[in-house]
Amino acid sequence: MITFKVDDLKDMNECLKPFLDFLRSFGANDDVVFECRLVSCELITNVIRHLGETASFKGCVNGEDIVISVSSESTDGRKLTASLPDVFAESGRGLYIVKAICCGNVFSEDGCVKVRIKCRKKGGR
């Protein structure tokens with residue numbers, strides 16, 4: 001499991017690097033690594049930009065799933081997964097993208113947003 005906290009968007013990519021390296025070492029293909037990075041960035045950005053708080057990140061592999069959890073210091077996960085907007089809405093598209101990538105596997109649990117992404121491995125395994 002990879003965990004970290006980030007409070008500045010300028011630090012987000014550097015903080016995510018060990019998680020993405022972990023996924024590569026596990027054998028995740030490049031598309032899955034990209035999807036995990038995109039989902040992680042969207043959720044972390046929501047906490048920092050919209051809630052003005054430090055984002056706490058956890059990422060792990062659980063069986064055939066990659067599980068990403070993001071929380072803020074003082075809110076519960078339901079605030080981070082507000083109802084999904086219309087595709088043409090001016091805001092909230094990040095959550096729409098997250099839900100599409102995760103095939104709907106986005107939920108609030110233990111005060112954080114959790115997503116599950118199927119881990120497709122290099123070589124189609």
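**Salt bridges and sheet**

Tutor: Lys-114 is buried, at 15% relative accessible area (buried is under 20%, exposed over 50%, partly exposed in between; 1.4 Å probe, protein chains only). This is a predicted model: local features need pLDDT of at least 70, side-chain atom pairs count only at pLDDT 80 or more, and totals for chains, interfaces and linings use all residues. Residues are numbered from 1 along each chain as its sequence is written, and side-chain values use heavy atoms, leaving out hydrogens and water.

Student: Which residue forms a salt bridge with Lys-114?
Tutor: Glu-109, with the closest N and O atoms 2.9 Å apart. A salt bridge here is a side-chain nitrogen of Lys or Arg within 4 Å of a carboxyl oxygen of Asp or Glu. Glu-109 is partly exposed at 35%.

Student: How many salt bridges are there in the whole structure?
Tutor: The search finds 5. One of them pairs Lys-118 with Asp-65 at 3.0 Å, N to O. Lys-118 is in strand E5 (residues 112-118) and Asp-65 in strand E3, 53 residues apart. Strands (E, at least two residues) and helices (H or I, at least four) are DSSP runs, numbered from the N terminus.

Student: Switching to the sheet. What's the strand order?
Tutor: E1-E2-E3-E5-E4, open and antiparallel. Strands pair if DSSP finds at least two bridges between them. The edge strands are E1 (2-6) and E4 (106-109).

Student: And how many bridges join E2 to E3?
Tutor: 8 bridges join E2 (residues 55-62) to E3 (residues 65-72). Gly-59 stands opposite Ile-68 in E3.
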